[in-house]
Amino acid sequence: MSPFDDLLAANKNFSAAFTDSELTGRAARGLAVVTCMDSRIDPLGVFGLKPGDAKILRNAGARVTDDVLRTLVLAVCLLGVERVLVMPHTDCGMTKVTDDDVHELAARRGVDTRSLEFHTVPDQASALRRDLTRIRTSPFLPPSLAVGGAVYDVRTGKIMPVEL
Ligand SMILES: [Zn+2]
């Protein structure tokens with residue numbers, strides 16, 4: 001008995017019906033979406049995309065971290081990405097805690113996280129603006145890269161454009 005048995009079983013069905021063998025790693029729609037790890041978000045479904053269409057970068061809070069920038073450089077240079085949409089969402093857990101709160105919660109589990117930055121989000125609008133600026137002004141990304149922002153509403157499935 002493994003904690004992953006359900007996944008192994010489900011994959012048997014998935015692979016039996018698999019039809020995407022011909023896809024390449026390039027983003028067919030030239031798109032990268034940076035969004036949150038929140039399990040309510042289906043990034044392909046939100047935009048009517050299918051596997052092969054877009055690069056999906058996810059982390060807590062949809063933050064543009066150094067690793068997101070690293071991944072975007074690779075996506076642009078190697079994988080056909082020409083536009084990036086940063087998409088945080090309503091009711092995000094990252095807007096409800098501070099880094100200190102997380103350190104405290106971890107400490108209660110006997111874990112010292114003080115050397116980590118969690119990039120919690122006290123003000124979602126300003127965090128999104130800062131993250132968009134971070135991509136636009138990155139010396140490692142071309143000026144031709146289209147960069148937009150939108151907030152996904154987990155109650156309605158609608159996106160609210162911020163800078164599109
Ligand atoms: Zn979130």
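User: Is Thr-113 buried or exposed?

Analyst: This is a predicted model, in which local features need pLDDT of at least 70, side-chain atom pairs count only at pLDDT 80 or more, and totals for chains, interfaces and linings use all residues. Residues are numbered from 1 along each chain as its sequence is written, and side-chain values use heavy atoms, with hydrogens and water left out. Buried means under 20% relative accessible area, exposed over 50% and partly exposed in between, with a 1.4 Å probe and protein chains only. Thr-113 has a relative accessible area of 10%, so the residue is buried.

User: Which residues is Thr-113 in contact with, leaving aside its neighbours within four places in sequence?

Analyst: Thr-113 sits in the loop between H4 and H5; helices (H or I, at least four residues) and strands (E, at least two) are DSSP runs numbered from the N terminus. Contact means heavy atoms within 4.5 Å. With neighbours within four places in sequence set aside, the contacts of Thr-113 are Val-102, His-103, Ala-106 and Phe-118.

User: What pattern does the protein follow along the sequence?

Analyst: The secondary structure comes to five helices and five strands. Of the contacts with a separation of 6 or more, 65% are accounted for by residues 24 or more positions apart. Read along the sequence, the pattern is α-β-α-β-α-β-α-α-β-β.

User: What span should helix H3 have, and how far apart are its end C-alpha atoms?

Analyst: H3 covers residues 66–78, which is 13 residues. The expected span of a helix is 1.5 Å times one less than its number of residues. For H3 that gives 18 Å, and the end C-alpha atoms agree with it, being 18 Å apart.

User: Within what arc do the buried residues of H3 fall?

Analyst: The buried residues of H3 are Val-68, Leu-69, Leu-72, Ala-75 and Val-76. An α-helix has 3.6 residues a turn, so residues three or four places apart point the same way. The arc is that of the directions from the helix axis to the C-beta atoms. Seen down the axis, the buried residues of H3 line one face of the helix because they fall within an arc of 120°.

User: What covers the buried residues of H3, and which exposed residues does the face turned away carry?

Analyst: The cover over the buried residues of H3 includes strand S1 (31–36), strand S2 (54–59), strand S3 (83–87) and helix H5 (124–136). On the face turned away from the buried side, the exposed residues are Asp-66, Cys-77 and Leu-78.

User: Which residues coordinate the zinc ion?

Analyst: Donors are N, O and S atoms within 2.8 Å of the metal (3.2 Å for Na, K and Ca); water is not among the atoms, so sites may look incomplete. The donors here follow the spacing C-x52-H-x2-C along the chain. At 2.0 to 2.3 Å, the zinc ion is coordinated by Cys-36 (SG), His-89 (NE2) and Cys-92 (SG).

User: How many residues apart in sequence are the parts that Cys-36 and Cys-92 tie together?

Analyst: Cys-36 counts as buried at 4% relative accessibility, and Cys-92 counts as buried at 3%. Cys-36 lies in strand S1, whereas Cys-92 lies in the loop between S3 and helix H4 (99–108), so the pair ties together parts that are 56 residues apart.

User: What is the phi of Ala-62, and what is that of Asp-91?

Analyst: Ala-62 is found in the loop between S2 and H3 and counts as buried at 1% relative accessibility. Asp-91 is in the loop between S3 and H4 and is partly exposed, with a relative accessible area of 33%. Neither residue is a glycine, yet phi is positive in each. For Ala-62 the value is about 55°, and for Asp-91 it is near 60°.

User: What volume does the largest cavity have?

Analyst: On a 1 Å grid over the protein atoms alone, a cavity is a set of points where a 1.4 Å probe fits but cannot get out, a pocket is an open set with protein on both sides within 12 Å along at least five of seven lines, and lining residues have an atom within 4 Å of a point. Grid points are joined across faces, edges and corners, and a volume is the space filled by probe spheres set on the points. The lining of the largest cavity includes Ala-62, Arg-63 and Asp-131. The volume of the largest cavity is about 50 Å³.

User: Which elements give two or more residues to the lining of the largest pocket?

Analyst: The largest pocket has a volume of about 170 Å³. Among the residues lining this pocket are Arg-83, Val-84, Leu-85, Ala-146, Val-147 and Gly-148. The elements that give two or more residues to this lining are S3 and strand S4 (146–152).
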